[in-house]
Amino acid sequence: MTYELVRHAGPGDFLQRAESWLLASEAEHNLHLSLAYVRRDAGATGADVLFGTVEQDGDLVGCVIRTPPHKVLITSMPPEAAPDIVGPVAELYDEIPAVLGQADSAVAVASAWTALKGGGWETGMQQRIYRLDQVEPVRPVPGAMRLATMDDLELLTDWGTGFARDAGHAFLLAREQVNRMIERQDLHIWQDESPASMAVAQGATPNGCRVGYVYTPPELRGRGYASALVARLSQRMLDSGMTFCVLYTDLGNPTPNAIYQRIGYNAICDVRDIDIVSALR
């Protein structure tokens, strides 16, 4: 049984082939779809960018995306397809940092990669994707949600460093990224007497969006600020016409997983990073 990785000329061509397939599980594929939409709408191209579909006898059975220097992002696919797709990936890249996808698919791709290129792999962050269709009431806390402004840039850059420290370097939120989120009006703050928590709504797809980068500084935790902010932000997204919101969590941190479920987020699938240990190191 032979599989082929078809590399498309850009995100627009990729979406022509894969959009309907991805939309069949839109919440699960929020990251893949939103990344392709953003790159297409920006007219972004690059010789080293990969938007690929995994094909078998003319049928689409998976997708592979990479925008260097980031990890390889895959959908679920038959694990036996992995040896046939890593060859074309290796023609583009000497090294990859990680593979992100559902466990069996990600492990298969990482194993095929290291079999071809040498080195090894190890399990990185394990995450759960949640979907919310209706916000459940949360306990009231002082304050209200507001948009972040450029006056908040220094504070939120510091918070971004705290977020990266809590979540790992793969989620680094640098000053330039914070600046762009403020400019796009994606970044929101729960304001009590002073800023108390932050969260981002981004990654729009036809019916949903992704809530993330939720962070409360340690000295303000346990007061309900993050719960209130995520609930209010999720409701705002639904009120704007979205049917659902999605959210990724670190399974190694049970507290936010419990909080988000109380707000109305329900698990849809698990994904994990499979980190590549290069043979060149």
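Is Cys 245 buried or exposed? Cys 245 counts as buried, at 0% relative accessibility (buried means under 20% relative accessible area, exposed over 50%, partly exposed in between, using a 1.4 Å probe and protein chains only). Keep in mind that this is a predicted model, where local features need pLDDT of at least 70, side-chain atom pairs count only at pLDDT 80 or more, and totals for chains, interfaces and linings use all residues. Residues are numbered from 1 along each chain as its sequence is written, and side-chain values use heavy atoms, with hydrogens and water left out.

**Cysteines**
- The disulfide count comes to zero, where a disulfide is a pair of cysteine sulfur atoms within 2.5 Å.
- For Cys 245, the closest cysteine sulfur is the one in Cys 209, and at 4.2 Å that is too far for a bond.
- Cys 269 is buried too, with a relative accessible area of 12%, and its sulfur sits 14 Å from the closest cysteine sulfur, in Cys 63, again too far for a bond.

- Ser 234 belongs to helix α7, residues 225-239 (helices are DSSP runs of H or I with at least four residues, strands are runs of E with at least two, and both are numbered from the N terminus).
- Its relative accessible area is 0%, so Ser 234 is buried.
- Leaving out residues up to four places away in sequence, Ser 234 touches Leu 132, Val 135, Val 211, Cys 245 and Tyr 265 (contact means heavy atoms within 4.5 Å).
- Gly 143 is 91 residues from Ser 234 in sequence and 17 Å away in space, C-alpha to C-alpha.

**The bent helix α1**
- Helix α1 covers residues 11-23, and its 13 residues put the end C-alpha atoms only 15 Å apart, short of the 18 Å a straight helix would reach (the expected span is 1.5 Å times one less than the number of residues).
- There's a bend of about 55° at Arg 17, taken as the angle between axes fitted to the seven residues ending there and the seven starting there.
- Pro 11, Phe 14, Leu 15, Ala 18 and Leu 22 are the buried residues named in α1.
- An α-helix has 3.6 residues a turn, so residues three or four places apart point the same way.
- The buried residues of α1 pack against α2 (30-41), β2 (50-56) and β3 (59-66).
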